[in-house]
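Welcome! Have a look at the model first.

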Amino acid sequence: MSLAPYASDPARSRGRRHAEAPAPTRDDFQRDRDRIVHSTAFRRLVYKTQVFLNHEGDLFRTRLTHSLEVAQLGRSIARALRLNEDLVEAIALAHDLGHTPFGHAGQDALDACMQAHGGFEHNLQSLRVVDELEHRYPQYDGLNLSFETREGILKHCSRANAERIEAAEPGGVGRRFCDRTQPGLEAQLCNLADEIAYNAHDIDDGVRSGLISIELLGEVDLFDRHRREALAEHPGLEGRRVLYETIRRMLSAQVYDVIDATRGALEAAAPADADAVRRSDPLVLFSAGMRAESTALKRFLFRNLYRHPQVVQTAEQAQGVVRALFDAYLAAPAEMPEAFARRDDRQRGVADYIAGMTDRFAIREYERLTGQRWVP
């Protein structure tokens, strides 16, 4: 299948920070994807929290399975829109590489610890992972990914951090946060695929956990409409099959909606190429109706799942672990590996080390350094 003229073409990539000869059998975006899959940070995602901690159950999503689901959804939509599937996959697989242990609770705790030292943003940390913290090649630090993959990884960025990136890399991946332009379509698509994926799998994990129920989800129009359609078509459906079929229909409806709405936006804007996309308004989007339904679902999940007392209690315990680790390593840097302990930017070195931890390693280090048992 040929790429659309506004898709990201690897032959026209803005290149890598360190020049490399092309690979004989792979284009630049395929090479990026492969480097991400083989990275240490990618393997760590299997033991990093999505919503429920690893010890809470074998079947809950982790950052790794979430990233795989984002990649699957992203590829499906990209194929229909004739965008670059390999670039979408690379961005999707890398977008959470900088996430801390314990999900957003760990991120918030580390950000609070780093407030006097530039704060902590997990999207920026994902970029730091692929630009600096992976040590796999003799010629440079990081994975030396293409501009387009790095642009997609940096989903959000504060103005201050964007200006620092721009000063170090003029015209690079920080520029769009300074001049308010857009990333390429593949990056825009990954942002939306991320939202579609976590809304759907957080329903599944929430019901599996017992913290929310199919009956409670009846107040969410997007869920209830597809549940009723599933039961009308399959009157004898029961148990988890009802949940799975409802989520499947929800996912399909959102994917088709994105495809149709994006086609309409592309037809109206008529971008000539990928650079014209960057000068346009966002072009990968839901219809107004689906955006409203997705927002309502997110509000439901925030109210009933993410702020459920059991989830909040676990999150508070996890934040205590992160704070204790930060204080312990800051007071005794020699407790970290030498590569982190000897750094001049001590606070950032501690943050980099903690952010790279899996949930279970962070708990082991907490118990080792404090002498206290983690009791979830």
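**Exercise 1.** Sort the lining of the second largest pocket by class and say where it comes from.

*Solution.* Step one: the lining has 11 nonpolar, seven polar and nine charged residues; Ala, Val, Leu, Ile, Met, Phe, Trp, Tyr, Cys and Pro count as nonpolar, Asp, Glu, Lys and Arg as charged, and the others, Gly among them, as polar. A pocket is an open set of points on a 1 Å grid over the protein atoms alone, where a 1.4 Å probe fits, with protein on both sides within 12 Å along at least five of seven lines, and lining residues have an atom within 4 Å of a point.

Step two: among its 27 lining residues, Arg44, Leu133, Glu134, Phe340 and Asp352 lie nearest the centre. Step three: H6 supplies the largest share, five residues.

This is a predicted model, where local features need pLDDT of at least 70, side-chain atom pairs count only at pLDDT 80 or more, and totals for chains, interfaces and linings use all residues. Residues are numbered from 1 along each chain as its sequence is written, and side-chain values use heavy atoms, with hydrogens and water left out.

**Exercise 2.** Explain why helix H1 (residues 28–37) is largely enclosed.

*Solution.* Step one: seven of the 10 residues of H1 are buried, so the rest of the structure largely encloses this helix; buried means under 20% relative accessible area with a 1.4 Å probe, protein chains only. Step two: the buried residues are Phe29, Arg31, Asp32, Arg33, Asp34, Arg35 and Ile36. Step three: their cover includes H2, helix H4 (85–94) and helix H7 (147–153), counting heavy atoms within 4.5 Å as contact.

Key: Helix = DSSP H or I, 4+ residues; strand = E, 2+ residues; numbered from the N terminus. Buried < 20%, exposed > 50% of the residue type's maximum accessible area, 1.4 Å probe, protein only.
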